[in-house]
Amino acid sequence: GCGDKPAIWIDGGIHAREWVSPATVTWMLKELVENDDQHSDLTQNMDWYILPDHNPDGYAYSRNSDRMWRRTRSDTGSIFGCKGVDANRNWGYHWNEGGASNDKCSDTYHGPEAFSEVENRNVRDFLLSAKDKLVFYNTLHSYSQLILLPWSYTSTPPDNFDELLEVANLGNEALAANGGSEYEVGCIPCILYPASGGSLDWTLGVAGIKFSYAMELRDTGRYGFLLPPEQIIPTAQETWAFHITVIREIFNRLSTDTQ
């Protein structure tokens, strides 16, 4: 029954300006539910928790006032009137250990303390309540076309890095076959830069969600955050192909482990 099966978590929009992320998550939710008969094993075998927009106040602000807004909209007490925290530098695992800013006006401001942001506290509490069932976590960002593995705060890999990489590569092959986009797979400091306080590190390091990932969706810089609307569905379709493949592979591995 519902709540008794291995569980999947997918979220989008933790950074407000990355509009293709919540759009993609919403499309995947529609696909999962409305076309269940085409992939019914996914809902029969797994429970799904989907959060299309992790940072709704920031998203609304990016729609109405500042298209390039990234952070939350909390009051930080800035003497310059700067608002908000980078919600993906605010998680409480190796918080404020590099790749985040003490400057309250910086796009990567980590907040006054870990989990200062109510959005993060709410997601944290839910994930902890379900952590014994959760086997997969993915947080969708844009842009750069990357499939990212922990850790974010250090290039020293986690103990299960090889398995994370193997499964991610299977998903990447499916993504390329279904959309034609080329994504790069690797740890965050290996491809980008160290970034402490990210959700990805916390979900593996604290919640113990074995298959914890992040993705940077289309594109690689031609449009950047201003991805044309006609690319939403192709982006979502190739991202869905990644998820179908990865989640079926995880379920098969879980079934083998319990035999």
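Two disulfides are present in this predicted model. The bonded cysteines, numbered in sequence order, pair as 1-2, 3-4. A disulfide is a covalent bond between the sulfur atoms of two cysteines.

One of the disulfides joins C82 to C105, with an S to S distance of 1.9 Å. This pair links distant parts of the chain, 23 residues apart. C82 lies in the loop between α3 and α4 (118-130), and C105 is likewise placed in the loop between α3 and α4. The torsion about the S-S bond of C82 and C105 is about 90°, so the disulfide is right-handed. C82 has a relative accessible area of 18% and is therefore buried, since the cut-off for burial is under 20%. C105 reaches 30% relative accessibility and counts as partly exposed.

The other disulfide joins C187 to C190, with an S to S distance of 1.8 Å. The angle about the S-S bond is 80°, and the link of C187 and C190 is right-handed. C187 is buried, at a relative accessible area of 3%. C190 is exposed, at 53%.

The loop between α3 and α4 also holds G99 and H94. G99 is partly exposed, with a relative accessible area of 37%. In sequence, G99 and D75 are 24 residues apart. In space, the C-alpha to C-alpha separation of G99 and D75 is 22 Å. Neighbours within four places in sequence aside, G99 is in contact with R89, P194 and A195. H94 is a residue other than glycine, and its phi has a positive value near 55°. The relative accessibility of H94 is 26%, and H94 counts as partly exposed.

Attention now turns to the strands. Strand β6 spans residues 211-217. Seven of its seven residues are buried, so β6 is largely enclosed by the rest of the structure. F211, Y213, M215 and L217 point one way from the strand. S212, A214 and E216 point the other way. Burial applies to all of these residues, on either side of β6.

Strand β6 has pairing partners in β3 and β4. Strand β3 (residues 134-142) pairs with β6 in the parallel sense, over seven bridges. Here F136 has F211 of β6 as its bridge partner. Strand β4 (residues 146-149) pairs with β6 in the antiparallel sense, over three bridges. Here L148 has A214 of β6 as its bridge partner.

The loop between β3 and β4 contains Y143 and Q145. A cis peptide bond joins S142 and Y143, with omega at about 5°. Q145 is not a glycine, yet its phi is positive, at about 60°. Q145 is buried, with a relative accessible area of 10%. A cis peptide bond also joins P150 and W151, with omega at about 0°. W151 lies in the loop between β4 and α5 (161-179).

The largest pocket was examined next. Its volume is about 330 Å³. The lining of the largest pocket comprises 24 residues. R89, H141, L192, Y193 and E216 lie nearest the pocket centre. Two or more lining residues come from each of β3, β4, α7 (199-205) and β6. The largest share, three residues, is given by β3.

N55 is buried, with a relative accessible area of 0%. The side chain of N55 reaches the backbone oxygen of I14 at 3.3 Å. Not counting residues up to four places away in sequence, N55 touches G13, I14, A16, R70, R71, T72 and E119.

Note on methods
Residues numbered from 1 in each chain as written. Predicted model: local features only at pLDDT ≥ 70, side-chain atom pairs only at ≥ 80, totals over all residues. Heavy atoms only, no water. Buried < 20%, exposed > 50% of the residue type's maximum accessible area, 1.4 Å probe, protein only. Polar contact = N/O pair within 3.5 Å; in protein donor to acceptor, adjacent residues only side chain to side chain. Contact = heavy atoms within 4.5 Å. Helix = DSSP H or I, 4+ residues; strand = E, 2+ residues; numbered from the N terminus. Pairing = 2+ DSSP bridges. Disulfide = S-S within 2.5 Å. 1 Å grid on protein atoms, 1.4 Å probe; cavity = no way out; pocket = protein on both sides within 12 Å on 5 of 7 lines; lining within 4 Å. Points joined across faces, edges and corners; volume = space filled by probe spheres on them.
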